Amino acid sequence: MTSDKTSRTSHTAAQATVRVNANVPAGPTAAIVLHGMWRRGEGKFSIIVLGLWLIVAFVSLFWTPQPLLATDGYHVWATPSAAHWLGTDGTGADVLSWLMAGSRTNLLIVVLTVLFAAAFGLLLVAAMVARNGTLAGASVVVVDALISIPTVLLALILAVPLGASVTVIVVACGFGYGLNLARVARPAALLAARSSYVEAALASGASGWWTFVRHIVPNTLPVLLVQLSLSAGTAVLAESGLTYLGIGVPSGVPSWGHSLATSVKFINVYPLTVLWPGLIVTVVVVALNVFGDVLRDAVDPMVNAELRDGAAGADCDGGTLSDPLRAARPSHTVGQRTAVSVRGTADTDVAGRRSA
Amino acid sequence: MSEPNGAHGNAGATTDNATAATTDASLENRAKTPNHGPTWWLWTVIAVIVVAAIAIGVNLVKPKTDAQGNPSTVETGGKTADTVTIGLKLAPTNLDIRNTSGSALDQILIGNVYEGLVARDENNQVTPAIAKSWDESKDGLTYTFHLNENMTFSNGDALTAEDVSWSINQLIKNQYHDADSLSMVKSVAADDNANTVTITLSTANSNLLWTLTGRPGLVFDKDATYDAKTEAIGSGPYTVSKFVANDSITLKANPKYWGTHKAKTQTVIVKYLADDNAAVNALKSGDVQVLAPITENLASPFTSDSEHYTVKAGDDTDKYVMAFNSKGKNTSDKRVRQAIRYAIDHDELIASRGGADKALGGPIPSLDPGYEDLTGLYPHDEAKAKALMQEAGYSTDKPLTLTLTYANIYGTELGDQLRSQLARIGIDLKVNVVEFSTWLQDVYTNKDYDISLVDHNESHDFYQWADPTYYYNYDNAEVQKLYAQAIAATSDDQRDELLAKAAKLVSEDAPADWLFNYRVTTAWANGVSGFPVNLNQTLLPLYDVTYTK
Amino acid sequence: MRFVVRRLLLFAAALFGVSVVVFAALRVLPGDVASVMAGLNSPASRVEALREQFGLNRPLPVQYIDWAGGLLRGDFGTSILTGRSVTSLIAARASITFPLIVLGLLIAIAIGVPLGVAATLARSSAARTAFHVAGLIGGAIPALWGGLLLILLFSRGTGLIGLFPSQGFPLDGWAAPGQAIWSLILPALTVGIIVGASLMRYTRSALGDIAGSGRIDMAMACGMTRAQAVIGVGLRLAMPQLVSVIGLTFAEMITGVMVIENLFALPGIGSGLVTDVGNRDLIAVQSELFMLAAFFLLVGLIVDLLHRALDPRLATAADASEVTA
């Protein structure tokens with residue numbers, strides 16, 4: 001019986017998880033992971049870009065080169081100058097200031113979207129791997145049916161009662177990406193849910209939710225990381241598209257999409273203004289897309305040797321760091337390549353981003 | 001360190017052992033089951049679905065083919081082109097001018113396809129059309145219209161006094177669009193022998209003639225049946241030969257036209273270009289010969305190329321009305337409303353839009369009766385504005401939050417600019433840009449707003465300020481009295497004087513700020529002549545337009 | 001067999017669900033077509049009369065049954081505002097959107113697949129990095145911006161090199177096929193570059209998986225060169241996956257190209273939908289949304305079934321997963 005072997009390793013894994021979380025401080029691990037990311041060119045790039053983003057977003061709360069509200073009707077569409085490094089827009093406001101301030105709106109959107117997608121996706125995963133067969137079956141059907149509805153369509157419908165708002169972007173994207181997440185993470189979660197250590201946990205009186213959070217979610221972590229960082233990138237793209245269509249960030253709120261959309265109208269006469277916001281979006285999206293990949297590898301002891309070494313050290317404290325992740329790795333890869341899983345990835349990558 | 005396996009985004013990618021496992025499994029299965037067994041019927045199912053889908057798809061596309069693809073007649077080197085293509089902005093969704101609101105229909109159909117009992121010229125004055133002359137009784141209650149002879153509709157039917165009275169009576173009976181502007185009409189009677197139509201009123205109305213130049217005065221063929229949403233049968237110099245909703249209208253000269261405004265160009269194609277850049281490119285590349293309107297800020301390539309293009313701004317009755325809800329929680333405070341009016345720098349707004357528009361200090365634009373320059377009432381004065389806000393209890397440290405609701409068709413710039421200007425006097429303006437239909441519901445119908453912004457392009461529309469149920473919520477008995485007197489006036493001078501007095505009262509009360517009088521800028525390729533510049537967003541007679549290469 | 005039957009049942013159930021959801025969601029919208037038609041300066045009585053005329057006052061279940069009954073008979077209704085049948089509206093718009101998507105995908109395939117193969121074949125790490133970076137950037141460009149850059153580069157009037165008309169669709173439509181295609185090139189190129197980048201990544205990852213499974217090595221052992229093996233064996237094995245990716249992309253593009261249609265002022269399905277929503281032409285909107293959703297569901301169905309037909313391994317694998325599910 002092969003299942004004997006799996007259940008035994010999984011068992012230790014499960015126990016290890018508990019111990020790790022109890023004893024090992026997060027600090028050193030985070031440093032190791034960060035270092036693991038930094039060593040790769042891509043990682044460096046994404047850390048720098050995302051770090052800059054955070055800094056600029058923070059700084060813009062207190063300072064921008066010009067006040068956001070400083071419009072000047074007599075100097076619209078000015079070319080770059082000492083006072084306005086990137087020129088002015090159609091209201092005479094400073095383009096650079098708006099882009100800086102836009103970074104915090106985009107940050108907010110990305111964070112909220114990712115949280116929404118993660119929460120919604122995991123909720124669906126929980127339903128899909130539920131012990132209750134009817135619930136599980138029904139949720140699979142629902143996900144299958146809903147996943148084909150494009151984000152833009154959803155956003156269009158949402159925008160009508162809500163008007164243009166950050167909520168529209170967050171809910172439409174979070175909903176769509178959550179569905180994708182659920183679909184992609186389901187095989188790994190299913191495998192974990194059917195393992196005997198989960199059964200053991202349940203048998204020993206742990207609640208269903210506790211078991212899900214404790215034992216099943218960690219097993220989907222690699223998928224989760226990549227999927228969520230992709231979602232983050234797609235959310236940035238979606239923001240620019242939806243705002244251009246008039247159903248994203250409302251007027252008067254700075255965002256990269258806003259800067260892009262307002263300059264579009266005047267490309268014939270003032271083509272330069274359109275360059276900057278697009279450039280920023282592209283660079284940030286590349287960084288976000290790369291980030292998940294690099295992070296997945298950095299937290300994977302099979303790839304990140306340092307983490308392995310660190311884990312060996314941590315072992316002395318009585319916890320094996322690597323075990324849960326080792327257990328996680330095979331489980332996400334075992335997911336059968338069914339039509340379903342292919343669809344899942346296709347939806348995220350090609351379809352999801354199309355909403356932009 | 002191995003390269004990350006699989007491209008990012010391919011979260012479900014398998015690793016070696018997984019693929020191997022499935023391969024093993026499949027090999028095993030292949031050994032057990034005959035390979036071709038289960039797939040043939042699967043293919044059949046797919047084939048059936050695909051064929052069905054294609055069949056449905058083809059059926060959907062089919063009706064499209066009946067739209068005739070008559071290739072555009074390319075002008076053959078001659079001097080005067082037989083086709084002129086015009087780029088306009090706001091497209092009609094259908095041709096049903098009796099039921100569907102919107103100036104797009106007035107613009108393209110009135111004077112071109114349909115004709116009214118009377119018409120108006122480019123100075124907004126009433127001129128003869130189907131009626132060649134008219135008499136007005138002393139008391140202003142009876143109008144007798146003498147019609148032209150031998151008039152015909154484009155389908156060959158004769159246009160008689162009967163058609164005229166039928167059209168107006170139908171409008172009133174069925175409450176077609178604008179019917180309420182004829183609420184004082186008691187009867188409309190035709191006399192076929194004398195070739196006259198007599199309109200009797202219950203109360204005198206100095207606006208009647210002007211009203212009849214618009215939709216209420218249009219004459220339809222009472223014997224014709226056609227789908228009014230996609231076709232139009234009128235007596236004007238042009239007929240609609242092809243209509244693509246939201247996209248284009250092709251007008252052909254009406255061979256049965258009876259009057260003096262005979263079309264000079266055989267075919268006029270009207271292309272609706274909602275996107276400003278696309279519009280500019282269309283003019284640049286010669287796809288259209290005229291562009292009305294062109295965004296002033298985008299006109300510079302044409303203004304600087306006067307050898308090939310002419311750019312001209314025309315007068316219009318478009319008023320960008322920023323209304324303050326007079327019964328709103330905060331805007332009912334006159335000091336707040338006045339402060340806003342002082343705070344707005346109209347010249348700056350106009351400059352940022354390219355400079356063609358005109359400052360407007362009150363509800364009546366220069367082309368309407370009762371106009372008077374009222375811009376002096378509330379000049380830009382930030383100090384005064386701040387003082388008023390202070391009095392009302394607000395300052396930049398303790399700002400008053402107000403919401404501006406307006407339709408997305410006007411762009412986001414105006415909202416941003418107003419927000420910036422009002423922030424200086426202690427108003428935190430939230431800008432809510434919505435769909436026009438949402439604006440109609442929330443602001444116009446439910447009157448649920450603080451500040452609204454809309455382009456009121458109607459002419460002779462002062463009644464809005466005399467109607468306390470209108471969305472402005474403006475209720476001033478004196479204004480209502482003056483307006484009633486103006487309407488009942490039997491001489492134009494008297495009317496104009498009363499209207500001017502009322503308009504000044506309104507402006508002083510500051511129930512709104514009139515941001516500017518939008519002047520439409522039109523650009524055309526040199527060689528085009530006869531294209532109206534004034535009022536051309538509501539009234540666009542095309543009979544005189546020619547294009548000489 | 002069970003899989004197919006269940007899949008078909010799901011399809012039918014989803015169609016029903018979509019019709020209900022779409023119908024219900026649209027009733028939440030503020031404003032209606034009657035007030036849009038009446039416009040400014042019309043008394044409330046006139047709006048009411050229009051509502052009466054179009055049957056907008058009837059109870060919602062009656063309106064739903066009326067509409068859904070029509071759907072069952074293949075009648076998608078008549079747009080209140082334009083007076084044209086919804087099918088003819090969609091057909092006119094589809095005649096722009098579909099050629100745009102097809103052209104865009106062809107460009108994407110022409111760019112993505114060869115680059116994906118080249119990326120797999122590349123030996124030097126510099127070349128690999130270059131392909132990798134190209135794929136990343138291509139996939140990160142906002143469609144709006146990509147389109148704008150192309151306009152600034154290649155459009156007549158605005159661009160550096162005036163080759164293509166920048167915006168709009170010719171007045172005569174497909175009656176002037178040359179002009180029509182010409183006006184679709186820039187938008188299609190925008191689609192093509194962005195989709196091509198992700199297609200390239202898919203191709204590379206699929207080929208990588210196949211190479212990992214040893215089948216490329218096996219083919220090379222039989223005497224093929226590496227290039228021959230990758231293209232001849234690898235690409236063929238990767239085909240089902242690529243086909244399903246392309247199929248799904250095609251479906252997604254219908255609304256996905258909305259921004260591009262808007263930017264290039266093409267009156268396609270996406271921009272038409274926005275217009276109709278704005279006008280509150282609900283019968284048109286709900287039928288359009290339903291048709292779109294039905295289309296997406298149908299494509300999903302076909303892809304799922306195709307995938308099983310193309311890849312016999314799945315027949316057993318998926319059935320197995322069904323048992324556990």
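Author: Helix H1 of chain C covers residues 2-26, 25 residues in total, helices being DSSP runs of H or I with at least four residues, and strands runs of E with at least two, numbered from the N terminus. From first C-alpha to last, H1(C) reaches 36 Å, close to the expected 36 Å, a span defined as 1.5 Å times one less than the number of residues. Its buried residues are Ala14(C), Val18(C), Ser19(C) and Val22(C); buried denotes 20 or more other C-beta atoms, placed from the backbone, within 10 Å of a residue's own.

The model is predicted: local features need pLDDT of at least 70 and side-chain atom pairs 80 or more, while totals for chains, interfaces and linings use all residues. Residues are numbered from 1 along each chain as its sequence is written, and chains are lettered from A and ligands numbered from 1 in the order in which they are written.

In chain A, the axes of helices H4 (residues 95-128) and H10 (residues 221-244) come within 9 Å and cross at roughly 135°, the axes being lines fitted to C-alpha atoms over the stretch in contact, with angles from 0 to 180 degrees between N-to-C directions.

Chain B holds 15 helices and 20 strands, and 50% of its 549 residues are buried. Strands E10(B) and E11(B) pair in the antiparallel sense over six bridges, pairing requiring at least two DSSP bridges. Three residues separate them in a hairpin, where Asn246(B) in the turn has a positive phi of about 65°.

Key
A residue is buried if 20 or more other C-beta atoms lie within 10 Å of its own, exposed if 12 or fewer, and partly exposed in between; C-beta atoms are placed from the backbone.
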